[in-house]
Amino acid sequence: MIARLFCWIVAMVAVGLTPMARAEDGYDLWLRYARADPSRSAALSAHATAIVATGAGPTWAAATGELQRGIGGMTGAPPALSETIQQGALWLATPASTPALPVRTDGLGSEGYAIRSTMVDGKAVTLIAANGDVGVLHGVYHWLRLAQSGASLDALDIRSAPKIGLRLLNHWDNLNGTVERGYAGQSIWDWWRLPDWKGPRYTDYARANASIGINGTVLNNVNAKADSLTAPYIAKAAALADIFRPYGIKVYLSVKWTAPMELDGLKTADPLDPAVAAWWKAKADEIYKAIPDFGGFLIKANSEGQPGPQDYNRTHANGANMLAAAVKPHGGIVMWRAFVYAHDNPDDRAKQAYSDFKPLDGQFADNVIVQVKNGAIDFQPREPFHPLFGAMPRTPLMMEFQITKEYLGQSTHLTYLGPLFEEVLRSDTFAKGKGSTVARVIDGSLEGHTLTGIAGVANIGVDRDWSGSIFNQADWYAFGRLAWDTSLSAQAIAQEWAAQTFSPDPRVVQPIVAMMMGSREAAVDYMTPLGLAHVMGTGHHYGPAPWIADLARPEWNPVYYHKANVQGIGFDRTGTGSNAIAQYAPPVARRLADPKTTPERDLLWFHHLPWDYRLRSGETLWDGLVHHYERGVAYVADMQKTWEGLRPYVDAERFAETEAFLTIQHREALWWRDASIAYFQSMSKRPLPAGSAAPAHDLDWYKAQSFPYAPGHN
Ligand code: BDP
């Protein structure tokens with residue numbers, strides 16, 4: 001019996017079917033290295049007959065290990081390491097290891113790489129060259145991406161280097177294991193058992209990030225606890241830093257402004273008090289002793305109840321510069337967030353960050369970078385670009401995107417964020433004339449800054465699939481790829497991702513990419529069409545609640561944002577209203593002053609308009625609004641059909657999860673449509689356009705829904 005079972009296993013392995021094949025639970029992300037078909041497998045083997053690594057050390061080991069794992073997975077036979085070049089070898093080299101490199105590495109920096117098909121001593125090889133080991137690792141991941149996605153491996157001549165220096169994940173992870181706005185389970189940092197227990201997930205996390213070029217991670221929530229700066233927690237962070245270092249990933253910490261008072265009983269946290277500055281300096285010294293390449297601090301100050309320098313009548317610049325002086329001797333930086341608005345400021349919330357920060361332009365130390373959210377409110381399904389981009393020429397600004405989908409369907413909606421990121425990066429600030437895109441502000445090229453950065457609030461947790469859903473992995477992937485190269489298109493990235501995550505078969509890639517590409521616009525349509533914003537349920541931000549009007553701070557209430565009444569709807573941000581448009585460069589402001597020249601997708605963000613205002617389609621604003629909601633719902637129904645057609649091509653486990661999540665999404669899109677229409681109709685008092693169905697319930701029913709246990713909300 002045992003012998004028979006053994007024979008059966010041997011037979012299955014021989015035909016490439018492992019009887020114990022791991023289920024496709026999403027853990028492997030886009031690094032699945034699934035077995036290629038025989039002809040592709042032969043081609044891969046021919047291009048990777050051996051690995052010639054000319055350097056040694058942990059990063060080299062990571063690079064060669066990944067190649068062996070990847071090629072081994074795709075072909076069934078991992079290539080051996082070899083000292084000598086042979087036909088078809090993968091040759092990894094740096095100028096230090098190989099003085100007469102046949103490619104130039106100048107201009108590639110410390111992270112970029114060149115990949116070239118070339119001849120050495122009459123043998124065809126693929127050279128992956130870089131200035132240092134981390135560049136080699138990035139080049140290896142690029143080659144593996146080509147290998148996995150079915151691309152040709154012949155005649156390669158690739159040069160790639162990141163345009164943005166800091167490409168960071170921001171974890172909003174709490175020390176108690178919860179994740180603020182996290183929809184993928186508990187935190188992956190097992191703070192309690194660190195530094196002794198270092199589970200394998202940390203290495204897989206580093207691999208995933210390195211594969212897309214992410215080079216830093218802020219471990220803890222911006223709503224920080226002072227405790228993360230105590231000795232035990234520094235030791236825990238150091239253990240993670242040790243794991244990530246070979247992958248070119250640095251560790252950063254969010255800090256709480258009042259840490260000196262909370263941890264060591266200082267009487268004040270005034271940034272100009274010498275004792276405060278000395279405390280931070282000593283703390284920085286302590287951290288750098290444990291983590292010599294520590295990246296620096298991220299801080300949320302004077303925002304949503306967090307303490308900060310303004311509590312002592314000092315400015316954000318005073319605060320940032322004091323922290324910056326503490327990390328400066330060690331080469332560290334400070335990322336100072338511009339996400340601020342104050343309960344005692346009656347001005348339009350969308351204007352407050354600009355009003356606070358613009359006057360400080362030029363006052364920040366040279367190792368401070370101001371971190372600005374993509375829009376002026378808060379990670380809405382759509383926001384016009386933040387007016388600070390282009391408005392602080394003497395200050396490096398870094399982008400903060402949200403990868404986790406707090407406002408875009410959380411874990412279950414399929415809403416690919418690539419198009420959102422791309423739309424923001426390509427927006428033209430006109431700060432220095434046409435072509436002054438947001439991408440050029442943050443890559444430093446517009447104003448000549450060398451300190452540059454981009455951050456994404458992570459959607460990572462201990463769920464097997466890391467991200468709460470298979471499709472949410474695409475947002476992590478797209479963030480990394482765009483951070484490396486802002487000129488990539490969301491569509492090309494979706495293609496790469498789908499090919500690696502599912503299969504390079506065009507019958508799989510094409511429909512999946514088509515679904516993904518319109519999915520964010522669909523969410524905008526069924527949640528916040530035509531420039532509406534912030535109409536989500538209180539606290540958890542799950543589901544529609546445009547009627548909420550009783551929260552303590554005016555700008556916490558959805559009614560503050562849409563201002564719907566019997567006459568019309570929208571927030572007047574022109575000269576007759578808050579005049580937020582004046583925060584944009586004149587060519588942009590002029591266009592936004594008139595609803596006719598305002599992009600229709602941002603219409604109600606900038607204008608309060610009568611219900612019978614005519615949209616470009618010729619229909620009234622009211623009818624158009626209803627149609628947008630319906631378009632969003634219809635798109636989700638189409639995605640369900642497309643997905644059904646993919647059943648033969650997708651493994652059962654991942655198919656079923658996506659199928660179930662699309663069912664949830666469709667139900668919730670309908671709920672969004674119905675609740676929004678029921679509420680806004682109570683304002684507009686207009687009949688639904690011909691052919692539109694009445695909401696399933698009356699308004700009171702929607703208002704009565706409550707979700708005390710919705711995830712992600714502390
Ligand atoms: C909002 C979140 C809140 C965060 C805050 C921030 O709702 O949980 O703390 O942003 O970015 O999006 O600080």
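Predicted model: local features only at pLDDT ≥ 70, side-chain atom pairs only at ≥ 80, totals over all residues.
**Reading a barrel and a helix pair**

Trainee: Which residue stands opposite Ile454 in E14?

Mentor: Met399 does.

Trainee: In what order do the eight strands close into a barrel?

Mentor: Follow the pairing from strand to strand. The order is E7-E8-E9-E10-E11-E12-E13-E14, with parallel pairing, and the eight strands close into a barrel. On average, and with direction ignored, neighbouring strands of this sheet are turned by 25° against each other.

Trainee: Which strands does helix H13 lie across?

Mentor: Helix H13 (residues 473–484) lies across E13, E14 and strand E7 (166–170). Relative to E7, H13 runs at about 160°.

Trainee: How do I read a pair of helices? At what angle do the axes of H8 and H9 cross?

Mentor: Look at the distance between the axes, then at the angle. Helix H8 (residues 274–290) and helix H9 (residues 316–327) have axes that come within 8 Å and cross at roughly 40°. H8 is therefore oblique to H9.

Trainee: Is the crossing of H8 and H9 left-handed or right-handed?

Mentor: The crossing of these two helices is right-handed.

Trainee: Which residues in H8 meet H9?

Mentor: From H8 come Val276, Ala277, Trp280, Lys281, Ala284 and Tyr288. In H9 they meet Met322, Leu323, Ala326 and Val327.

Trainee: How many residues of each class are in the contact of H8 with H9?

Mentor: Sorted by class, that contact has nine nonpolar residues, one charged residue and no polar residues.

Notes. Residues numbered from 1 in each chain as written. Heavy atoms only, no water. Pairing = 2+ DSSP bridges. Helix = DSSP H or I, 4+ residues; strand = E, 2+ residues; numbered from the N terminus. Axes fitted to C-alpha atoms, helices over the stretch in contact; angles between N-to-C directions. Contact = heavy atoms within 4.5 Å. Parallel < 35°, antiparallel > 145°, perpendicular 65-115°, else oblique. Left-handed = near helix turned anticlockwise from the far one by under 90°. Nonpolar A, V, L, I, M, F, W, Y, C, P; charged D, E, K, R; others polar.
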